[in-house]
Amino acid sequence: MNSGVGISNVEIAIEASNFSIYTDSKGYFLFSRADLPQGEQVLLVKALGYQKQRVQITIQNGKPINLDPLILELDVSQIESEIGLISLSDAELNEEEGISVATSGILQATKDVFLNAAAYDFSGAFFRPRGLDNQYEKVLINGIEMNKLYTGRPQWANWGGLNDVQRIQDHSFGLASNAYTFGGLRGTTNIIMRASQYKQGGRVSAASANRSYLGRVMGSYHSGLSLKGWSYSVLASRRFGNEGYQEGTLYDANSYFASVEKKLNEKHSLNITGFYTPNRRGRATAMTKEVKDIKGIRYNPNWGYYEGEKRNSRIRSVNEPVVMLNHFWKIKQNTTLNTNLGYQFGKAASSRLDYGGTRLLSVGEQEIYVGGARNPYGDYYQRLPSYFLRNEHSSAYDYQLAYLAEQEFINNGQLNWNALYQANERLKAQGGNSIYIIQEDRTDDTQISLNTIFNSRISEKGFLNAGIEFRSLHSDYFAEVKDLLGGTGFLDVDYFAEGDSNEVIVDVAQSDLQNRNRIVMEGDRYKYNYRLNASLLSAFTQSSFTLRKIDFFIGATASQTQYQRIGRFENGYFPEAWSLGPGEKLSFTDFGFKGGLTYKLTGRHLLDINAGFVTKAPSLRNAFSNPRQNNDVVLGLESEKSKLVAASYIFRSPLLSGRLTGYYTGISDQTDIGFFFTESARGKDGGSAFLQEIITGMSSRRMGGELGVEAQLTPTFKLKAAASVGQHLYTNNPRYYLTSEDFLGAENIAGIENNRLTLGKGTTNLKYYHVPSGPERAYQIGFEYRSPEFWWVGVTGNYFSNSYIDISALRRSDGFSTDSFGQAFNDYDERIARNLLQQEQLDAFVLLNVVGGKSWKVKQYYIGFFAAIQNALNQEYITGGFENSRYADYRRVLEDRNRDRPLFGNRYFFGNGTTYYVNLYIRF
């Protein structure tokens with residue numbers, strides 16, 4: 001849309017060289033140097049909010065070039081980024097289920113054809129670039145790292161809904177050169193949210209969708225830099241919906257942002273930025289095939305009607321404000337120092353039903369607990385048809401019960417909130433406690449971040465980057481009574497506690513031995529209560545050089561990480577210092593090296609290679625085996641080691657551009673902890689136990705290739721294609737052990753010591769199984785048409801295959817071939833066992849996505865409309881899943897596999913059917 005107004009601060013660069021310049025206030029620029037590259041060159045024109053252009057020119061010394069005016073078109077890629085952020089919102093919902101966000105940091109941060117496909121079109125299939133999840137990606141805001149120390153992952157909910165102020169991003173893929181930090185294996189994104197960097201003006205938008213939220217309104221305004229050196233920026237937005245594509249998944253989110261910057265003088269600027277994005281989201285869960293076949297892919301067991309409205313029992317909420325102070329010092333013409341102070345605080349919570357309520361009775365001199373309730377969810381296995389047909393020879397009566405269960409599930413498969421209230425009210429009338437309550441698992445964080453980043457052009461062809469960072473985190477973890485559901489109180493004991501006498505049961509059942517048999521009320525902490533402290537001190541340095549034919553860089557980093565748990569409750573199973581007070585301090589020293597080289601065959605043909613070796617401390621989550629109950633640290637815990645190499649051929653011309661890359665990433669000494677209930681352990685109750693599963697020393701390998709090609713066939717029509725072919729495997733049989741309170745007192749059973757169980761050789765056989773990393777193969781072909789009349793449309797077809805579900809490590813341990821007392825099964829058949837342990841490969845599928853829009857200029861206003869349809873053909877597909885470890889021994893797994901409907905079959909995450917996104921905006 002040609003306004004005829006010159007644009008300032010547009011970067012003009014000669015591609016594949018170190019020559020660049022910016023336009024002045026009227027949009028003019030001038031290259032005037034004798035050492036400019038000669039012959040045919042490509043002029044790269046880049047400006048925030050506009051489409052990048054490549055202009056072919058021929059440079060000859062002594063012959064000036066006068067270019068015709070370059071008309072820049074508004075960049076509508078922000079549209080795709082908003083669509084991608086909707087996908088991100090869905091991914092965040094599943095993170096609690098073990099599915100981490102796949103493509104967060106590359107949203108709207110790059111023009112690379114393949115990365116665009118990965119961020120926008122592949123995200124609906126939970127594709128992970130190079131098989132790496134987002135713990136291997138660094139996300140920074142104003143130079144401050146935002147990855148959580150607990151998981152190592154960025155929590156995008158902390159800045160969700162701030163789209164309009166997140167458009168300035170600096171992204172590097174893999175361990176490429178980066179000016180802000182050493183980087184992560186999958187890349188680094190720095191989101192710049194400074195008041196002075198936004199173009200003056202405002203934007204108001206409204207959107208409608210049916211994927212995660214139903215509606216969104218947003219308004220923002222940027223003042224621009226005043227004559228007195230002041231600038232400010234503000235934003236407010238709201239996202240809302242009673243449910244998204246899956247039933248009962250409410251969305252309630254507000255977002256606020258403000259930034260003020262003062263340019264003190266030509267050398268110093270001071271910026272303060274704050275944002276607060278409180279949000280609540282209803283969660284869904286994975287389903288078995290039986291549940292899906294009966295209720296469909298939109299089914300969600302977590303909700304039920306209460307007072308005429310859908311009420312979800314599992315709500316994820318995040319309330320964590322962030323405040324930043326940033327100082328920018330231009331030491332001299334090509335040298336800067338950026339110092340940043342960040343403070344984040346607040347709470348994150350996940351609610352769920354607790355149906356273990358009891359009452360305390362005295363019988364003589366003994367105390368006993370009476371109560372507990374059946375799982376109230378509609379998809380509980382004892383309510384499904386398969387439960388009534390579990391026996392090998394089912395009777396006609398069994399089939400009748402199965403039919404009645406199926407009909408009940410079809411007609412009443414949701415939570416019955418009224419029944420929960422009524423049960424509590426009956427007990428209340430009898431002087432009893434609540435049997436059902438809403439529990440909220442809370443994390444209250446307080447984190448301070450301080451860093452300084454130095455950048456300098458040390459010569460005509462050399463650059464130096466360096467930085468030092470310190471982060472300190474105090475996290476309080478506890479369960480809180482959210483809602484007594486009409487009752488009077490809740491007895492804070494473990495109803496499932498077991499011992500050799502009732503007296504022992506009363507002791508071990510206590511959540512806190514210092515407050516025995518405590519009745520808790522709404523707002524009280526119960527069950528568990530502890531603090532995790534963490535600190536990180538790190539530094540990096542990087543040197544990069546730009547020569548006529550070669551660009552190269554080298555970088556190094558070092559860090560010191562410390563963790564400690566401090567127990568606030570004295571757990572009955574683990575008394576005294578085993579659970580109460582400070583535990584062992586953990587310390588990890590890590591380092592990394594990286595380097596890269598770009599060889600310019602010509603201005604259009606380039607070869608690029610990056611390589612690195614990095615060690616990384618295990619995340620805080622994986623440092624303690626069961627922090628809710630005790631101070632135990634993971635045995636054999638080591639820093640993770642990674643080595644990677646990626647080599648690319650890059651071709652760029654005004655007509656055709658593309659990148660072909662081969663990659664290899666090897667990761668060793670990985671740690672993973674899982675929590676689940678099983679009937680295939682060893683212990684006092686025939687193998688039934690709630691377990692903590694600890695895997696250490698795990699190795700994996702990811703290798704494959706990427707391709708992205710784009711052809712601008714005419715000024716208005718563009719073809720694009722992308723492909724990823726990989727193989728992501730575990731490469732060893734790592735160390736493996738289990739912990740559980742159910743092992744206490746069972747030391748006479750083979751492999752049990754205190755609360756720890758070691759099965760056989762103490763390993764699990766994961767070698768050559770696939771890492772569950774989304775589709776290993778993804779292909780795209782599409783086109784985009786941009787009309788001179790300022791409307792546009794794009795269509796992509798996307799094919800995905802070679803996805804694998806997450807396997808049960810317990811099934812691959814020596815415990816698979818033995819009973820609950822450690823005795824080998826006499827009917828064990830190796831051939832059948834191999835079939836039972838084969839990893840399930842998910843079916844391939846195709847997704848068709850359509851996006852389009854139109855823009856107008858009305859006086860000083862720009863009005864735009866765009867819409868997107870994802871999965872336009874309404875294909876049913878599975879994005880991931882996992883094996884159920886409830887049954888994890890040969891006999892039980894074989895028996896369950898032979899049933900027409902397994903009791904504990906694999907559980908799956910299903911992709912959405914056809915979804916839409918529509919947005920209308922006004923810019924001024």
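1. Helix 2 (residues 113-121) is largely enclosed by the rest of the structure, because 9 of its 9 residues are buried (under 20% relative accessible area; exposed is over 50% and partly exposed in between, with a 1.4 Å probe and protein chains only). The buried residues run from Val113, Phe114 and Leu115 through Asn116, Ala117, Ala118 and Ala119 to Tyr120 and Asp121. Helices (H or I, at least four residues) and strands (E, at least two) are DSSP runs, numbered from the N terminus.

2. This is a predicted model, in which local features need pLDDT of at least 70 and side-chain atom pairs count only at pLDDT 80 or more, whereas totals for chains, interfaces and linings use all residues. Residues are numbered from 1 along each chain as its sequence is written, and side-chain values use heavy atoms, with hydrogens and water left out.

3. Aromatic pairs (rings of Phe, Tyr and the six-membered ring of Trp with centres within 6.5 Å; planes under 30 degrees apart are stacked, over 60 edge-to-face, the rest tilted) number 41. Phenylalanine 816 and tyrosine 828 pair edge-to-face, 6.3 Å centre to centre with 80 degrees between the planes. Both lie in the loop between strand 41 (803-804) and helix 8 (830-836), so the pair ties together parts 12 residues apart in sequence. Phenylalanine 816 is buried at 2% relative accessibility, while tyrosine 828 is partly exposed at 28%.

4. Ring pairs also link Phe114, Phe122, Phe127, Phe800, Phe845 and Tyr877 into a cluster.
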